[in-house]
Amino acid sequence: MLPMDVGVLKRAARPINRNESRESISMKVGYIGLGHMGRGMALNLVKAGHEVTVFDLSEEAMAALVSAGASAASSVGDLTKSVDLVFTSLPGPPQVEAVVLGEGGILENITEGQVLFELSTSSRELALRIHDAFGKKNAYMLDAPVSGGPAGAQSGDMAFWVGGDREIFDRYVEVLKAMGDKPRHVGPIGSGTIVKLVNNLTGQIFLTAMAETFSVAVKAGVDPLELWDALRLGVIGKGSALNMLTGQFLPARFDPPAFALNLAHKDVNLATQLGRELGVPMRLANLTLAEMTEALGKGLGEKDCRIYLQLQLERAGVSIAVDPEELAKRQATSPGQDA
Ligand code: NAD
(Lines give C-alpha, C1' and ligand atoms only; values in the text may rest on other atoms or scores of the structure.)
Protein backbone atom coordinates (compact mmCIF):
# COMPACT_ATOMS: atom_id res chain seq x y z
CA MET A 1 0.00 0.00 0.00
CA LEU A 2 1.27 3.44 -0.87
CA PRO A 3 0.93 5.99 1.93
CA MET A 4 0.20 8.69 -0.66
CA ASP A 5 -1.67 8.93 -3.90
CA VAL A 6 -0.05 7.92 -7.15
CA GLY A 7 -0.45 11.44 -8.55
CA VAL A 8 2.07 12.68 -6.02
CA LEU A 9 4.40 9.82 -6.88
CA LYS A 10 4.30 10.84 -10.53
CA ARG A 11 5.53 14.27 -9.58
CA ALA A 12 8.49 12.76 -7.75
CA ALA A 13 10.70 12.91 -10.81
CA ARG A 14 10.73 14.22 -14.32
CA PRO A 15 7.74 12.58 -16.09
CA ILE A 16 8.66 9.53 -18.12
CA ASN A 17 8.35 9.98 -21.86
CA ARG A 18 6.97 6.62 -23.03
CA ASN A 19 9.13 6.76 -26.20
CA GLU A 20 12.30 7.18 -24.18
CA SER A 21 14.08 4.17 -22.70
CA ARG A 22 14.30 4.32 -18.91
CA GLU A 23 18.07 3.95 -19.08
CA SER A 24 18.40 7.20 -20.94
CA ILE A 25 16.43 9.26 -18.41
CA SER A 26 18.62 11.72 -16.61
CA MET A 27 17.56 12.29 -13.03
CA LYS A 28 18.47 14.76 -10.33
CA VAL A 29 20.26 12.58 -7.87
CA GLY A 30 21.94 13.43 -4.57
CA TYR A 31 24.72 11.30 -3.05
CA ILE A 32 25.87 11.68 0.56
CA GLY A 33 28.94 9.75 1.74
CA LEU A 34 31.74 9.48 -0.83
CA GLY A 35 34.02 6.96 0.85
CA HIS A 36 35.26 3.60 -0.39
CA MET A 37 31.80 2.62 -1.63
CA GLY A 38 30.07 5.93 -2.32
CA ARG A 39 32.85 7.38 -4.46
CA GLY A 40 32.62 4.66 -7.14
CA MET A 41 28.83 4.52 -7.10
CA ALA A 42 28.40 8.30 -7.38
CA LEU A 43 30.93 8.35 -10.20
CA ASN A 44 28.94 5.70 -12.07
CA LEU A 45 25.81 7.83 -11.72
CA VAL A 46 27.68 10.74 -13.29
CA LYS A 47 28.94 8.48 -16.09
CA ALA A 48 25.37 7.29 -16.72
CA GLY A 49 24.38 10.90 -17.42
CA HIS A 50 22.49 11.70 -14.22
CA GLU A 51 22.63 15.17 -12.74
CA VAL A 52 24.49 14.33 -9.55
CA THR A 53 24.88 16.55 -6.49
CA VAL A 54 27.21 15.31 -3.75
CA PHE A 55 27.93 15.97 -0.11
CA ASP A 56 30.58 14.59 2.25
CA LEU A 57 32.38 15.93 5.31
CA SER A 58 35.63 15.40 3.42
CA GLU A 59 36.40 18.19 0.95
CA GLU A 60 38.85 15.93 -0.82
CA ALA A 61 36.14 13.31 -1.43
CA MET A 62 33.84 16.05 -2.79
CA ALA A 63 36.55 17.48 -5.05
CA ALA A 64 37.13 14.11 -6.75
CA LEU A 65 33.46 13.90 -7.71
CA VAL A 66 33.19 17.55 -8.72
CA SER A 67 36.13 17.14 -11.10
CA ALA A 68 34.23 14.22 -12.66
CA GLY A 69 31.16 16.37 -13.32
CA ALA A 70 29.09 16.34 -10.11
CA SER A 71 27.90 19.49 -8.30
CA ALA A 72 28.86 20.10 -4.70
CA ALA A 73 26.16 20.84 -2.12
CA SER A 74 27.00 23.02 0.87
CA SER A 75 25.00 20.87 3.30
CA VAL A 76 22.74 17.83 3.58
CA GLY A 77 19.72 20.14 3.51
CA ASP A 78 20.97 22.00 0.43
CA LEU A 79 21.44 18.67 -1.37
CA THR A 80 18.05 17.29 -0.35
CA LYS A 81 16.23 20.37 -1.62
CA SER A 82 17.84 20.20 -5.05
CA VAL A 83 17.22 16.57 -6.07
CA ASP A 84 14.45 14.00 -6.58
CA LEU A 85 16.34 11.02 -5.29
CA VAL A 86 18.92 10.76 -2.48
CA PHE A 87 21.47 8.00 -1.83
CA THR A 88 23.43 7.66 1.40
CA SER A 89 26.58 5.52 1.93
CA LEU A 90 27.60 6.27 5.50
CA PRO A 91 29.70 4.26 7.96
CA GLY A 92 26.93 3.03 10.28
CA PRO A 93 23.85 3.78 12.42
CA PRO A 94 25.17 6.89 14.27
CA GLN A 95 26.10 8.66 11.03
CA VAL A 96 22.90 7.55 9.28
CA GLU A 97 20.80 8.79 12.20
CA ALA A 98 22.62 12.14 12.22
CA VAL A 99 22.44 12.70 8.46
CA VAL A 100 18.87 11.49 7.99
CA LEU A 101 17.05 12.34 11.23
CA GLY A 102 19.38 14.92 12.83
CA GLU A 103 19.17 18.69 12.80
CA GLY A 104 19.38 20.02 9.25
CA GLY A 105 19.17 16.44 8.00
CA ILE A 106 17.33 14.81 5.12
CA LEU A 107 14.02 14.39 6.97
CA GLU A 108 13.81 18.07 7.84
CA ASN A 109 14.31 19.06 4.21
CA ILE A 110 12.57 16.31 2.28
CA THR A 111 9.24 16.99 0.62
CA GLU A 112 6.34 14.94 -0.64
CA GLY A 113 7.26 12.30 -3.21
CA GLN A 114 11.03 12.42 -2.70
CA VAL A 115 12.88 9.16 -2.20
CA LEU A 116 15.87 8.04 -0.14
CA PHE A 117 17.71 4.80 -0.87
CA GLU A 118 19.79 4.16 2.24
CA LEU A 119 22.77 2.11 1.02
CA SER A 120 24.75 1.92 4.27
CA THR A 121 24.97 -1.26 6.31
CA SER A 122 22.93 -0.06 9.24
CA SER A 123 20.34 -1.34 11.74
CA ARG A 124 16.88 -2.64 10.91
CA GLU A 125 15.40 -0.71 13.80
CA LEU A 126 16.75 2.56 12.39
CA ALA A 127 15.51 1.69 8.89
CA LEU A 128 11.97 1.17 10.26
CA ARG A 129 12.14 4.43 12.20
CA ILE A 130 13.31 6.43 9.17
CA HIS A 131 10.69 4.78 6.97
CA ASP A 132 7.91 5.76 9.41
CA ALA A 133 9.14 9.34 9.72
CA PHE A 134 9.34 9.68 5.92
CA GLY A 135 5.86 8.20 5.54
CA LYS A 136 4.47 11.02 7.68
CA LYS A 137 5.81 13.49 5.11
CA ASN A 138 4.61 11.35 2.18
CA ALA A 139 8.21 10.70 1.22
CA TYR A 140 9.81 7.29 0.75
CA MET A 141 12.76 5.49 2.24
CA LEU A 142 14.02 2.08 1.16
CA ASP A 143 16.85 0.23 2.88
CA ALA A 144 19.25 -0.92 0.16
CA PRO A 145 22.57 -2.16 1.52
CA VAL A 146 25.11 -3.28 -1.05
CA SER A 147 27.52 -6.13 -1.57
CA GLY A 148 30.58 -6.04 -3.80
CA GLY A 149 33.25 -4.01 -2.01
CA PRO A 150 35.01 -0.92 -3.36
CA ALA A 151 36.08 -2.80 -6.52
CA GLY A 152 32.45 -3.68 -7.26
CA ALA A 153 31.35 -0.12 -6.50
CA GLN A 154 33.79 1.03 -9.14
CA SER A 155 33.12 -1.63 -11.79
CA GLY A 156 29.36 -1.95 -11.21
CA ASP A 157 29.63 -5.64 -10.27
CA MET A 158 27.44 -5.20 -7.25
CA ALA A 159 24.26 -6.36 -5.54
CA PHE A 160 21.68 -4.18 -3.82
CA TRP A 161 19.33 -5.90 -1.37
CA VAL A 162 16.35 -3.59 -1.21
CA GLY A 163 13.58 -3.53 1.36
CA GLY A 164 10.52 -1.32 1.05
CA ASP A 165 7.89 -0.22 -1.37
CA ARG A 166 8.02 -2.41 -4.48
CA GLU A 167 6.54 0.26 -6.76
CA ILE A 168 9.24 2.72 -5.77
CA PHE A 169 11.92 0.07 -6.32
CA ASP A 170 10.56 -0.66 -9.80
CA ARG A 171 10.38 3.01 -10.61
CA TYR A 172 14.04 3.65 -9.80
CA VAL A 173 15.61 0.28 -10.57
CA GLU A 174 17.33 1.64 -13.68
CA VAL A 175 19.08 4.28 -11.58
CA LEU A 176 20.28 1.51 -9.26
CA LYS A 177 21.48 -0.40 -12.32
CA ALA A 178 23.66 2.55 -13.28
CA MET A 179 25.61 1.77 -10.08
CA GLY A 180 25.35 -2.00 -9.73
CA ASP A 181 24.18 -4.79 -12.02
CA LYS A 182 22.27 -6.83 -9.44
CA PRO A 183 19.52 -4.82 -7.70
CA ARG A 184 17.08 -7.18 -5.94
CA HIS A 185 13.88 -6.31 -4.09
CA VAL A 186 13.76 -8.71 -1.14
CA GLY A 187 10.67 -7.68 0.85
CA PRO A 188 9.18 -4.96 3.06
CA ILE A 189 11.16 -2.20 4.72
CA GLY A 190 14.08 -3.59 6.77
CA SER A 191 14.41 -6.74 4.63
CA GLY A 192 17.43 -5.46 2.74
CA THR A 193 19.24 -4.87 6.02
CA ILE A 194 18.33 -8.32 7.31
CA VAL A 195 19.74 -9.98 4.17
CA LYS A 196 22.90 -7.89 4.32
CA LEU A 197 23.52 -8.59 8.01
CA VAL A 198 22.91 -12.32 7.56
CA ASN A 199 25.23 -12.33 4.53
CA ASN A 200 28.06 -10.75 6.48
CA LEU A 201 27.40 -12.86 9.58
CA THR A 202 27.44 -16.09 7.57
CA GLY A 203 30.75 -15.11 6.01
CA GLN A 204 32.29 -14.46 9.41
CA ILE A 205 30.93 -17.72 10.88
CA PHE A 206 32.47 -19.61 7.95
CA LEU A 207 35.79 -17.91 8.61
CA THR A 208 35.65 -18.88 12.29
CA ALA A 209 34.84 -22.46 11.29
CA MET A 210 37.75 -22.51 8.86
CA ALA A 211 40.13 -21.19 11.51
CA GLU A 212 39.16 -24.28 13.53
CA THR A 213 39.46 -26.74 10.69
CA PHE A 214 42.75 -25.30 9.40
CA SER A 215 44.23 -25.19 12.90
CA VAL A 216 43.50 -28.86 13.58
CA ALA A 217 44.68 -30.03 10.15
CA VAL A 218 47.90 -28.00 10.21
CA LYS A 219 48.70 -29.08 13.77
CA ALA A 220 48.11 -32.67 12.63
CA GLY A 221 50.78 -32.12 9.95
CA VAL A 222 49.05 -31.12 6.70
CA ASP A 223 50.60 -28.26 4.76
CA PRO A 224 48.13 -25.31 4.71
CA LEU A 225 48.48 -24.65 0.99
CA GLU A 226 48.03 -28.35 0.20
CA LEU A 227 44.98 -28.35 2.47
CA TRP A 228 43.42 -25.32 0.80
CA ASP A 229 44.08 -26.74 -2.65
CA ALA A 230 42.80 -30.20 -1.70
CA LEU A 231 39.61 -28.80 -0.14
CA ARG A 232 38.81 -27.22 -3.48
CA LEU A 233 38.12 -30.75 -4.75
CA GLY A 234 35.51 -31.55 -2.10
CA VAL A 235 32.06 -30.36 -1.16
CA ILE A 236 33.25 -26.99 0.16
CA GLY A 237 35.24 -26.24 -2.95
CA LYS A 238 32.80 -27.47 -5.56
CA GLY A 239 29.95 -25.12 -4.93
CA SER A 240 28.52 -22.42 -2.78
CA ALA A 241 27.56 -23.50 0.73
CA LEU A 242 24.06 -22.41 -0.31
CA ASN A 243 23.96 -25.48 -2.56
CA MET A 244 24.09 -27.64 0.57
CA LEU A 245 20.66 -26.32 1.55
CA THR A 246 18.63 -27.02 -1.56
CA GLY A 247 18.09 -30.80 -1.46
CA GLN A 248 16.96 -31.21 2.15
CA PHE A 249 16.97 -28.18 4.45
CA LEU A 250 14.93 -25.71 2.37
CA PRO A 251 12.18 -28.12 1.28
CA ALA A 252 12.37 -29.96 4.68
CA ARG A 253 12.89 -33.33 2.96
CA PHE A 254 15.24 -35.52 4.97
CA ASP A 255 14.13 -38.89 3.65
CA PRO A 256 15.71 -40.68 1.83
CA PRO A 257 19.05 -39.37 3.09
CA ALA A 258 21.75 -38.12 0.71
CA PHE A 259 24.17 -38.44 3.64
CA ALA A 260 22.77 -40.06 6.77
CA LEU A 261 23.07 -38.33 10.13
CA ASN A 262 24.74 -41.34 11.79
CA LEU A 263 27.55 -41.23 9.18
CA ALA A 264 28.00 -37.46 9.41
CA HIS A 265 27.99 -37.72 13.22
CA LYS A 266 30.76 -40.32 13.04
CA ASP A 267 32.88 -37.96 10.91
CA VAL A 268 32.43 -34.93 13.14
CA ASN A 269 33.13 -37.12 16.16
CA LEU A 270 36.39 -38.34 14.57
CA ALA A 271 37.44 -34.82 13.58
CA THR A 272 36.82 -33.39 17.05
CA GLN A 273 38.60 -36.41 18.55
CA LEU A 274 41.63 -35.40 16.48
CA GLY A 275 41.36 -31.93 18.01
CA ARG A 276 41.24 -33.40 21.52
CA GLU A 277 44.27 -35.62 20.80
CA LEU A 278 46.28 -32.65 19.52
CA GLY A 279 45.15 -30.13 22.12
CA VAL A 280 43.28 -27.97 19.62
CA PRO A 281 40.18 -26.28 21.03
CA MET A 282 37.29 -26.60 18.54
CA ARG A 283 34.40 -24.59 19.86
CA LEU A 284 32.15 -24.52 16.79
CA ALA A 285 32.91 -28.13 15.93
CA ASN A 286 31.99 -29.39 19.39
CA LEU A 287 28.81 -27.35 19.35
CA THR A 288 27.99 -28.94 16.00
CA LEU A 289 28.72 -32.39 17.41
CA ALA A 290 26.41 -31.72 20.36
CA GLU A 291 23.62 -30.68 17.99
CA MET A 292 24.09 -33.81 15.90
CA THR A 293 24.21 -36.00 19.02
CA GLU A 294 20.94 -34.47 20.20
CA ALA A 295 19.30 -35.30 16.87
CA LEU A 296 20.70 -38.84 17.06
CA GLY A 297 19.19 -39.13 20.53
CA LYS A 298 15.83 -38.31 19.00
CA GLY A 299 16.19 -41.37 16.77
CA LEU A 300 16.96 -39.45 13.56
CA GLY A 301 20.20 -41.27 12.62
CA GLU A 302 18.80 -42.72 9.39
CA LYS A 303 17.55 -39.35 8.15
CA ASP A 304 19.64 -36.96 6.10
CA CYS A 305 22.26 -35.31 8.32
CA ARG A 306 20.83 -31.83 7.72
CA ILE A 307 17.87 -32.75 9.89
CA TYR A 308 19.79 -31.61 12.96
CA LEU A 309 19.54 -28.03 11.63
CA GLN A 310 15.88 -28.21 12.57
CA LEU A 311 16.81 -28.15 16.26
CA GLN A 312 17.85 -24.53 15.81
CA LEU A 313 14.65 -23.73 13.90
CA GLU A 314 12.62 -25.21 16.77
CA ARG A 315 14.48 -23.08 19.32
CA ALA A 316 13.89 -20.00 17.17
CA GLY A 317 10.21 -20.85 16.85
CA VAL A 318 10.24 -20.93 13.06
CA SER A 319 9.70 -23.59 10.45
CA ILE A 320 11.13 -23.67 6.95
CA ALA A 321 9.60 -25.75 4.15
CA VAL A 322 9.79 -23.96 0.83
CA ASP A 323 7.78 -25.01 -2.21
CA PRO A 324 10.06 -27.38 -4.19
CA GLU A 325 8.73 -26.07 -7.51
CA GLU A 326 9.45 -22.46 -6.57
CA LEU A 327 12.91 -23.55 -5.38
CA ALA A 328 13.61 -25.34 -8.67
CA LYS A 329 12.56 -22.19 -10.56
CA ARG A 330 14.99 -20.07 -8.54
CA GLN A 331 17.77 -22.65 -9.01
CA ALA A 332 17.27 -22.46 -12.76
CA THR A 333 17.93 -18.70 -12.78
CA SER A 334 21.36 -17.17 -12.36
CA PRO A 335 21.85 -15.29 -9.05
CA GLY A 336 21.42 -11.80 -10.49
CA GLN A 337 18.21 -12.63 -12.36
CA ASP A 338 14.68 -12.20 -11.04
CA ALA A 339 12.92 -15.58 -10.83
P1 NAD B 1 33.84 4.97 4.37
O2 NAD B 1 34.16 5.24 5.79
O3 NAD B 1 34.97 4.76 3.41
O4 NAD B 1 32.96 6.18 3.79
C5 NAD B 1 31.99 6.86 4.52
C6 NAD B 1 31.93 8.29 4.03
O7 NAD B 1 30.90 8.96 4.74
C8 NAD B 1 33.22 9.06 4.28
O9 NAD B 1 33.66 9.69 3.09
C10 NAD B 1 32.83 10.09 5.35
O11 NAD B 1 33.52 11.31 5.24
C12 NAD B 1 31.35 10.25 5.05
N13 NAD B 1 30.59 10.77 6.18
C14 NAD B 1 30.60 10.34 7.46
N15 NAD B 1 29.77 11.07 8.22
C16 NAD B 1 29.20 11.97 7.38
C17 NAD B 1 28.28 13.03 7.57
N18 NAD B 1 27.76 13.31 8.76
N19 NAD B 1 27.93 13.78 6.49
C20 NAD B 1 28.47 13.52 5.27
N21 NAD B 1 29.36 12.55 5.04
C22 NAD B 1 29.74 11.79 6.09
O23 NAD B 1 32.86 3.74 4.35
P24 NAD B 1 32.60 2.75 3.12
O25 NAD B 1 33.61 1.65 3.12
O26 NAD B 1 32.37 3.54 1.89
O27 NAD B 1 31.22 2.07 3.59
C28 NAD B 1 30.00 2.77 3.51
C29 NAD B 1 28.90 1.80 3.96
O30 NAD B 1 28.85 0.67 3.07
C31 NAD B 1 29.13 1.23 5.36
O32 NAD B 1 27.90 1.13 6.02
C33 NAD B 1 29.75 -0.14 5.10
O34 NAD B 1 29.50 -1.05 6.16
C35 NAD B 1 29.04 -0.53 3.81
N36 NAD B 1 29.79 -1.46 2.96
C37 NAD B 1 31.15 -1.35 2.85
C38 NAD B 1 31.84 -2.26 2.04
C39 NAD B 1 33.34 -2.15 1.89
O40 NAD B 1 33.94 -3.14 1.45
N41 NAD B 1 33.95 -1.01 2.20
C42 NAD B 1 31.14 -3.25 1.33
C43 NAD B 1 29.76 -3.30 1.42
C44 NAD B 1 29.09 -2.40 2.26
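Student: Where does proline 256 lie?

Tutor: Proline 256 lies in the loop between α12 (235-238) and α13 (261-278); helices are DSSP runs of H or I with at least four residues, strands are runs of E with at least two, and both are numbered from the N terminus. The model is predicted, so local features need pLDDT of at least 70 and side-chain atom pairs pLDDT 80 or more, while totals for chains, interfaces and linings use all residues. Residues are numbered from 1 along each chain as its sequence is written, and side-chain values use heavy atoms, without hydrogens and water.

Student: What joins aspartate 255 and proline 256?

Tutor: A cis peptide bond joins them, with omega about -5°. Most peptide bonds are trans.

Student: Why is asparagine 138 called partly exposed?

Tutor: Its relative accessible area is 22%. Buried means under 20%, exposed over 50%, and partly exposed in between (1.4 Å probe, protein chains only); therefore asparagine 138 counts as partly exposed. Asparagine 138 is in the loop between α7 (124-136) and β6 (140-143), and its phi is positive, about 55°.

Student: What makes alanine 252 partly exposed?

Tutor: Alanine 252 has 29% relative accessibility, so it counts as partly exposed. Alanine 252 lies in the loop between α12 and α13.

Student: Why is α10 called oblique to α11?

Tutor: Helix α10 (residues 191-219) and helix α11 (residues 224-231) pack at an angle of about 125°. That makes α10 oblique to α11, because angles under 35 degrees count as roughly parallel, over 145 as roughly antiparallel, 65 to 115 as roughly perpendicular and the rest as oblique.

Terms used: Axes fitted to C-alpha atoms, helices over the stretch in contact; angles between N-to-C directions.
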